[in-house]
Amino acid sequence: MTVALAARGLGKRYGRRWALSGCTLEVPAGHVAGLVGPNGAGKTTLLQLAVGLIEPSAGSIAVLGEEVAATPAQLARVGFVAQDTPLYASLSVADHLRLGAALNPRWDAALAQARCARIGLDRAQRAGTLSGGQRAQLALTLAIAKRPELLVLDEPVASLDPLARREFLQALMEFTAEHTVSVLLSSHLVADLERVCDHLILLAEGHVQLSGEVDELLASHRRLSGPRRDSARLPSSQQVVEETHTDRQSTLLIRTKEPVIDPAWTVEEVSLEDIVLAYMGRPAGDPELVKVGQ
Amino acid sequence: MIWVAWRQFRTQALITLGLLVAFAVLVLVTGLHLRDVYSSLGGIHCSPDEACTAPHVPGLDKPLTSLLGPTLLAIPALLGMFWGAPLVPRELESGTHRLAWTQSITRRRWLSIRVALVGVSALVVAGLASWLVSWWFAPLDAVNLNRFDPSVFTERGTVAIGYAGFAFALGVATGTLTRRTLPAMAATLLGFIAARIAFTLLVRPHLLASRHVLYALTRGQDVGFVGNPTSTTIVAGPPMIPNAWALSAVLVDRAHHSLNPAQLHDLLARVCPAIATGLPANPGAGATKTQAGSLAGGDFLTCLHALSRHLQLLVAYQPSSRYWPLQALETAIFLAAALALIGATVWGAGRRIARKPAAAPRAAHPA
């Protein structure tokens, strides 16, 4: 399997503050990978490194097996929708499409036209007067009509209302269904990602906390609740991600590959959001727990 | 990319074109009127030794003579501030660099093409404006014969093109370094003014080796005597040479050797003792300068003529024929500096431009 994005010891420093550090990560190609983490976790930094808008201070990053943004050919393979979907306010929708056609050798004019028609964008309207949802749709159109092999989206729906958010993700899903493309999508809301992603990367405080396929994450995590018990006395196949204790009761979120058979526990399945929140609270980058599915 | 560069430049280009057309109409209408007035009064007459006479037209030097030159001086600075400085920061400030630089074009190429289009336009604008102003002033310059005067030299000919190129390049470079429009505009203005002053004072006088010519002492300007409590000496400025640029004048003896203050004092004491001792030697009053008029006029002139048998003025100057070589050289130097700035900026662009992550205004995120 090819690799969409591979980072090794990747770090980015602004002044004395590391926005991202020690980030080692592989995003397999052919997936819709979600990058999740709280605000300030380094998501934007990681994605901007991935599209070459900024340079790493430490480590290395390769996208689709090549150095980032080094050549026009590499730039052509990666589509990017930046946070807040920047567009030229004084340029019309048609101008933006012409810009995309002029700057991208693999530009798919028919796809761009069809999408604009479907969204109902007035080609003569200036981008500055579009609604937030329309802006995001136009930005997505520019990125996908480029016919990239990897589509990178930085919180594309963060500023959209729920309806526009659903329409945007719908459009994204249609595109990934019709074309062979890898997607790396960030959000601070797990709910956005749950619907569209099959791979999840959790970033917190500049470190990768968790990385794996969504199905495996869901299959390998359970919530146990029962009489109070010391978590050190669990079987070695069960790793504790998060634990809370009251006087009488213990609630644990564990990771295990085997079924839990202890009758003292009530075993529940957990949602992706539960898993993400549990890992988010853990100390930075516990190496034993980062990778799932190997 | 050329279409993209043009589309982003279009509004500014059209505004500037409008201003330039208005400027051209003003210059052509008043310039033709100026020529009419001159010819109706008998025109300009030049004798073989370049001394020209023209009818005096009262009020002709107002107000355009004092407006057109400064306008031409301001144009390069304005081009640098409004075309050069915002070129990169405006993208960063609006966040659109994240759109532009993730298309299938390298950042260097993107910057090169935009800079080439806007930069060449800046040269054309400055060239046209300078041509208009030079044409307007031609009849006046033919009379004034002061083409090397700094305010005249820099407001005619080709140098404005060099200035415009340099100011534009400085704008692009400071904009790319500061990544913010307003500081870049301020830095461009200050840097451009500093470069122009430094060039006028320090570089232009040494661009070409000067020629030398001997003049009689009496031809000098501001000839006089300077006395202080211990000695008295002679001072003289270079004479007026039509359309030439007199750089300096040195007092030399008949053997063409320059004289130091002590020797001048001795000579003065020998040739005109009345003046050497006659200057008020006020202790503590500093230097006193005496010129014709303040001393008994007869004494002064007698002394001057007596001195001119011993002293001459060795004048270093640029002849009129050096005007276009100096214009071309100054234009070329400013353009070369512009190219160097642009080259360094484009070369460094891939690395430096976007050090910070998108500083775009963040919309409030719904919870």
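This is a predicted model: local features need pLDDT of at least 70, side-chain atom pairs count only at pLDDT 80 or more; totals for chains, interfaces and linings use all residues.
Two residues are taken to be in contact here if their C-beta atoms, placed from the backbone, lie within 7 Å.

Take α7(B) and its meeting with helix α8 (residues 181-203) of chain B, where the axes are 8 Å apart and the angle is about 140°. At that angle the two helices count as oblique to each other, and α7(B) passes α8(B) in a right-handed crossing. On the α7(B) side, the residues that meet α8(B) are Tyr163(B), Phe166(B), Ala167(B), Leu170(B), Gly171(B), Thr174(B), Gly175(B) and Thr178(B). Their partners in α8(B) include Pro183(B), Ala187(B), Gly191(B), Phe192(B) and Arg196(B). Sorted by class, this contact has nine nonpolar, seven polar and one charged residues.

Now turn to another partner of α7 (residues 159-178) of chain B: helix α2 (residues 64-84) of chain B, whose axis comes within 7 Å of that of α7(B) and crosses it at roughly 25°. Angles under 35 degrees count as roughly parallel, and α2(B) and α7(B) are therefore roughly parallel to each other. The crossing is right-handed. Among the residues making the contact are Leu72(B), Ile75(B) and Trp83(B) of α2(B), along with Tyr163(B), Ala164(B) and Phe168(B) of α7(B). The contact holds 15 nonpolar, four polar and no charged residues.

Ala164(B) turns up again in the largest nonpolar core, which has 136 residues. Together with Ala50(A), Val152(A), Leu184(A) and Ala126(B), Ala164(B) touches the most other members of that core. Follow Ala50(A) and, leaving aside neighbours within four places in sequence, you find contacts with Leu5(A), Ile61(A), Val63(A), Val68(A), Val152(A) and Leu184(A). Apart from this core lies another, of 24 residues, with Ala244(B), Phe300(B), Leu307(B) and Val315(B) among them.

Where do the chains meet? Here 28 residues of chain A are in contact with 25 residues of chain B. Helices α1 (43-51), α2 (72-77) and α3 (93-103) of chain A each supply at least two residues of the chain A side, and the largest share, five residues, comes from α3(A). That side of chain A has 18 nonpolar, six polar and four charged residues.

Is Gln103(B) buried or exposed? A residue is buried if 20 or more other C-beta atoms lie within 10 Å of its own; Gln103(B) has 24, so it is buried. Not counting residues up to four places away in sequence, Gln103(B) touches Leu75(A), Leu103(A) and Asn104(A).

Definitions and conventions:
Residues are numbered from 1 along each chain as its sequence is written. Chains are lettered from A and ligands numbered from 1 in the order in which they are written. Axes are lines fitted to C-alpha atoms, for helices over the stretch in contact, and angles run from 0 to 180 degrees between N-to-C directions. Helices (H or I, at least four residues) and strands (E, at least two) are DSSP runs, numbered from the N terminus. Angles under 35 degrees count as roughly parallel, over 145 as roughly antiparallel, 65 to 115 as roughly perpendicular and the rest as oblique. A crossing is left-handed if the near helix is turned anticlockwise from the far one by less than a right angle, and right-handed if clockwise. Ala, Val, Leu, Ile, Met, Phe, Trp, Tyr, Cys and Pro count as nonpolar, Asp, Glu, Lys and Arg as charged, and the others, Gly among them, as polar. A nonpolar core is a set of buried Ala, Val, Leu, Ile, Met, Phe, Trp, Tyr and Cys residues joined through C-beta atoms within 7 Å. A residue is buried if 20 or more other C-beta atoms lie within 10 Å of its own, exposed if 12 or fewer, and partly exposed in between; C-beta atoms are placed from the backbone.
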